[in-house]
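Let's walk through a pocket and a core together, one question at a time.

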Amino acid sequence: MSSRISTGNIGLDAILKGGLPKNRLYLVEGSPGAGKTTFALEFLLEGVRRGERCLYITLSETEEELHAVADSHGWDLAGIDMFELASAEEVLGSSRDQSVLYSWEVELGETVRLIENEVERINPRRVVFDSLSEMRLLAQDSLRYRRQVLALKQYFTGRDATVLLVDDLSTSASGRDNHLHSLCHGVVTLERLTLEFGPARRRMQVQKMRGVSFVGGYHDLVINTGGIEIFPRLIASDHQGTIAEGLVSSGLTELDTMFGGGPMRGTCTLVTGPAGTGKTSIAMQFAAAACRRGEAATVYQFDERVATLLSRGSTSQGGLQELVDSGCLAVRQINPAELSPGEFAVMVRKEVEQRGVRVIVIDSLNGYLASMSQEQQLVLQMHELLSYLNKHGVVTFLINPQHGLVGSMATSLNISYVADAVVLIRFFEAGGRIRKAISLLKNRGGAHEDAIRELRIDKHGLRIGDPLTHFRGVLTGTPEYLGPTDTLMDDRSAS
């Protein structure tokens with residue numbers, strides 16, 4: 001097997017499990033704006049860092065335009081040789097109009113000859129050819145074009161050079177050129193997707209790579225100042241975690257009793273109910289308890305502002321701000337319109353692998369859904385993410401708002417099957433007052449309580465009462481309590 005070279009992109013090297021086999025011809029294709037030029041410059045700059053001679057052959061963009069792209073990322077292209085063929089006059093001179101041959105025949109042949117002369121003069125180890133669309137236009141005929149690409153491949157064979165051919169697909173009537181795919185050793189496709197709302201999304205995939213095992217499928221990417229960041233698709237089976245055992249306490253005796261001692265490590269708990277029932281407060285109770293045990297916790301806030309959460313957030317053991325200040329609790333504000341699912345998965349991985357996080361709260365699934373284009377993608381990617389967290393012994397809490405305030409058990413997404421435990425919170429009516437009831441619908445970790453308890457939240461934090469009976473219509477979504485009111489809880493004094 002031939003040795004590998006780095007592409008200059010950490011994410012792509014991970015997808016390729018080590019980089020590109022060197023001294024081969026590769027195709028980088030994508031529509032305009034997908035990031036091909038930035039990708040190509042990263043590849044050459046990596047060669048410069050390794051002391052290799054690099055050549056950028058441009059038939060479409062001028063050298064000035066390439067330097068403008070580099071400047072936007074803070075790059076210096078001084079170590080890259082540029083060979084610009086932006087006009088036919090540079091190839092043929094002013095006599096091109098007097099030729100008895102068709103101009104495209106002369107232009108193509110002379111263009112290729114000048115490119116070969118430049119390659120022989122510089123003898124580069126890395127070459128970028130940008131772009132094949134201009135060669136298609138010069139060739140006019142598809143057969144002549146393909147023969148010329150094959151000739152380029154044969155020319156670079158044995159020259160100890162790794163070549164990237166860039167294709168913007170703009171002159172190909174049928175989209176991708178399957179014949180071109182067969183000629184190249186590997187094909188990397190970059191895509192730019194325009195959503196109905198928010199910024200454009202970008203993704204990539206390795207369509208083929210001869211003799212190399214790689215991570216297939218689509219991988220999200222973003223172009224930031226400094227280059228392209230690719231987020232390899234999360235595959236839980238590729239990550240070996242540490243099997244963790246034991247139960248996780250909330251610090252609240254009644255809540256732990258409902259779980260039979262608490263959720264097991266490496267499990268996922270879905271907290272579901274209408275807006276305003278206290279779903280986030282339940283999850284934050286577990287996060288705060290983890291911090292007080294000396295374990296790190298992270299909250300991903302999709303809906304509520306962080307400042308609002310911290311200002312109102314209190315648990316039975318105190319406020320949240322002091323936990324954030326200590327560095328034990330991290331609250332990450334997420335804008336679903338700006339975030340791709342792959343980027344979110346990488347964020348979670350960093351928290352687990354770098355901070356050693358043991359409790360994660362995702363608030364809420366509706367916000368996470370907003371960052372996805374299709375519900376099926378959400379379910380599959382969430383399943384992989386939860387499997388990864390379970391392998392690392394992380395306790396995960398998913399906040400799942402239900403539609404409406406009262407009278408409905410429906411949710412926006414059927415994801416309860418991926419959860420190991422499901423906590424249901426409902427409003428109920430008793431004595432002319434609206435109260436909250438909490439129960440545990442399932443717990444794969446072991447036996448759990450099947451009773452319904454009252455839940456109250458005040459400025460001192462959470463309280464959970466004794467098991468209640470005499471309920472009617474629990475499964476309708478608006479249960480009514482018919483028992484004695486003296487068993488229900490009142491607000492604690494403000495002191």
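Q: Which element gives the largest share of the lining of the second largest pocket?

A: First, the ground rules: this is a predicted model, where local features need pLDDT of at least 70, side-chain atom pairs count only at pLDDT 80 or more, and totals for chains, interfaces and linings use all residues. Residues are numbered from 1 along each chain as its sequence is written, and side-chain values use heavy atoms, with hydrogens and water left out. Rolling a probe the size of a water molecule over the atoms shows where empty space is left. Here, helix 13 supplies five residues, the largest share of that lining. Helices are DSSP runs of H or I, at least four residues, numbered from the N terminus.

Q: What kinds of residues make up the lining of the second largest pocket?

A: Seven are nonpolar, four polar and four charged. Ile-10, Gly-11, Glu-229, Ile-230 and Val-346 are the closest to the centre.

Q: Which residues in helix 13 are buried?

A: Buried means under 20% relative accessible area (1.4 Å probe, protein chains only). Among them are Phe-344, Val-346 and Glu-351. After helix 13 comes Gly-356, with a positive phi near 70°.

Q: Which residues touch the most other members of the largest nonpolar core?

A: In soluble globular proteins, nonpolar side chains tend to be buried together. A nonpolar core is a set of buried Ala, Val, Leu, Ile, Met, Phe, Trp, Tyr and Cys residues joined through side-chain atoms within 4.5 Å. In this 37-residue case, they're Leu-255, Ile-282, Leu-329, Phe-397 and Ile-438. Helix 10 (residues 279-292) gives the most, eight residues.

Notes: Buried < 20%, exposed > 50% of the residue type's maximum accessible area, 1.4 Å probe, protein only. Helix = DSSP H or I, 4+ residues; strand = E, 2+ residues; numbered from the N terminus. 1 Å grid on protein atoms, 1.4 Å probe; cavity = no way out; pocket = protein on both sides within 12 Å on 5 of 7 lines; lining within 4 Å. Nonpolar A, V, L, I, M, F, W, Y, C, P; charged D, E, K, R; others polar.
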